[in-house]
Amino acid sequence: MIYFFQQALNALQLGSMYALIALGYTMVYGVLSMINFAHGDFFMVGAFLCFVGASRLHLSFVPVLLLSMGGVTLLGVATERIAYRPLRNAPKVSAIITALGVGIFLENFTLGLNPYPKYVPPLLPSFSFNFGGVSVSSFQLATIGISIGLMLALHLIVNKTKAGLAMRAISADRTIVPLMGVPVDKIIALTFALGSGLGGAAGVMYAMAYPVIDPYIGIIVGWKAFISAVIGGIGDIRGAVLGAYILGTVEIMTAAFLPSTYRDLITFSLLLVLLIFRPRGLLGRAEIQKV
Amino acid sequence: MKKTADFLRRVCAPGKYFNAKTVAAAGFILALAISRFALLDNYLQLLLMLIGINVILTLSLNLINGYMGEFSVGHAGFMAAGAYVSSLLTVKTFALYSPLWAFPCAVLAGGVVAGFIGLVVAVPSFKTRGDYLAIVTLAFSMIVKSVIENIDSVGGPRGFLGMDKLTTLPWVFFWTVVTIWIIRNFIYSRFGRGILAVREDEIAADLSGVSTRNVKMLAFVVSSFFAGIAGGLYAHLIQYISPGTFDIIKSTEMLVMVYLGGVGSIAGSILGASAYTVLLEALRPLGIWRMAVMPLLLVLLMIFRPRGIMGLREARWLVPSSERDAGVSK
């Protein structure tokens, strides 16, 4: 039983990381109905900024977190401005291919700068608490706590501010809302800023949990986060968080109780079964098709 | 002099002697000659073969993503199935037989198995569309990869080797021409019309009497069959395959080639695959930075030419003569 709780804690940690990245996918999808395939690589850049901050600039935890989040926010906004905005009225696939291109560029640009995997020194003093046999490390506590804090902040921004209202309005109807005087470009830039910032934070958390990083970590983690967003129903913010914790739990539990090589097999099979029964995800609304 | 010019004009006039069939025959003879007498060095031959394999892959993906308008991101999985099945056959089952007929049989078998997997993927596509279907295809390719990793007798994550270098230029040329020919005829067939109708408007297609289920199933089977063929050829060219060969990066590469050349165009696929393969080799002096320059070029192309090089247009010689002036193929 203690083993189970220990694994549940790991699932919570992995789920928090997926949730932060999945939020970026789902927010951009909400306002642009476009999958930002470069988002996983934004996350990777966040992890590398964490490496730069921790091992080159010798910063402590909070400045590193701010550096990663700020850097990736800038990257996200710049990418939107340079690569995605000219394509907003182009066919959807061109935007997707551009996103894939940006992703490959980021991976290989980082690879050019860091040809070898990098080791990120620990940012927090390493100690652990013991709750009735379940040991909680300081990294896990920080990851889960900061993630939940960031998600609450996002929730407040989206639901309580004027900009958040505009964001929700754009995702509800993209033809009418601009006519009501909503500055669409600014709101989309803000969405990218928020989503990428969360991705940067996830990069720091990844680097704390798995301290050896290479430029390709963004691919698989990014796809997993994207899958979380789809499980919850892409475009839905609560769905992304829910999907991320479900995916984290499934992954950790299969690895804990079955041979770990079966992890991807079982995760993806479950995903398929889910999509057969709930084709629009758990919280996604059924698309109404007008003929 | 006049006679020679006249003769040349007659021979080169499109449709008479200078048509797709003679070009294919001449190309095949040329390919045979190149590989038999080593007219080109090994590097150029390898490059040509890679172009051919990439053309097959691109066409197979274009059928789903371009002509049917769905979004598959898991074609590397079909390719993996074809590669492993054909390699197992040539190494274990057909080891004692002449590769002259054993090799095409193995490649064909790989394609058939990939086609069966395509049939399974087609089932979720009845209900899900767009981004959700993209996830289904991705999940299938990951499952294929994961299954291979867990079978120890094919090497698991270590990969599989022992294949002879059976893929030669004539074989690649043959399969490429077969792929172009079958996919072209498929697109201009009754089912092909159904595929285009599904892309334009699925509900309208359904109401007009197109059996969208059959159309989707057939499209997925044909597409994954050819991806499997390409996998078989690739395995016997590189002589080493591992689950890591067929990961998301491979699928992404295929997507890039399709959209670079232009969706819904056979000529576009041929151009896209060739341009991508050649450009990747041409940028080789840049070393590690080559894969950073390549996507930048792609992004620029997409910003200035969002529909790819060909963009739904088709080369004239790939359109059946009865269609040329009908305006259907535009």
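Let's start with two helices. In α1(A), the residues A:L9, A:L12, A:Q13, A:S16, A:M17, A:A19, A:L20 and A:L23 meet a set from α5(A): A:Q140, A:T143, A:I144, A:S147, A:L150, A:M151 and A:L154. Sort the residues of this contact by class and you get ten nonpolar, five polar and no charged. This is a predicted model, so please keep that in mind throughout.

How do the two helices cross? Helix α1 of chain A covers residues 2-32, and helix α5 of chain A covers residues 138-160. Their axes come within 9 Å. The crossing angle is roughly 35 degrees. The crossing of α1(A) past α5(A) is left-handed.

Now the whole of chain A. Chain A has ten helices and four strands. Going along the sequence, the order is α-α-α-α-β-β-β-α-α-α-β-α-α-α.

What about overall dimensions? The C-alpha trace of chain A spans about 60 × 45 × 35 Å along its principal axes. The radius of gyration is 19 Å. A compact globule of 291 residues would come out near 19 Å, so chain A agrees with that expectation.

Next, burial and contacts. Of the 291 residues in chain A, 49% are buried. Take the contacts in chain A with a separation of 6 or more: 75% of them join residues 24 or more positions apart.

On to the partner chain. How many residues of chain B are in contact with chain A? The count is 34, and they touch 38 residues of chain A. Three elements of chain B give two or more residues to that side: α6 (130-150), α11 (248-261) and α13 (290-304). The largest share comes from α6(B), with twelve residues. By class, this side of chain B has 26 nonpolar, four polar and four charged residues.

One residue to look at on screen is B:I135. Beyond its sequence neighbours within four places, B:I135 is in contact with A:I227, A:V230, A:L271 and A:L275.

B:I135 also turns up in the largest nonpolar core, which has 188 residues. The members that touch the most other members are A:A19, A:A22, A:A47, A:C50, B:Y84, B:I135 and B:A230. Which element gives this core its largest share? That is α1(A), with 15 residues. As general background, nonpolar side chains tend to be buried together in soluble globular proteins.

And that brings us back to α1(A), where A:A19 also meets the α5(A) set.

Definitions and conventions: Residues numbered from 1 in each chain as written. Chains lettered and ligands numbered in written order. Predicted model: local features only at pLDDT ≥ 70, side-chain atom pairs only at ≥ 80, totals over all residues. Rg over C-alpha atoms; globule rule 2.2 N^0.38 Å. Buried ≥ 20, exposed ≤ 12 C-beta atoms within 10 Å, placed from the backbone. Contact = placed C-beta atoms within 7 Å. Axes fitted to C-alpha atoms, helices over the stretch in contact; angles between N-to-C directions. Left-handed = near helix turned anticlockwise from the far one by under 90°. Nonpolar A, V, L, I, M, F, W, Y, C, P; charged D, E, K, R; others polar. Core = buried A, V, L, I, M, F, W, Y, C linked by C-beta atoms within 7 Å.
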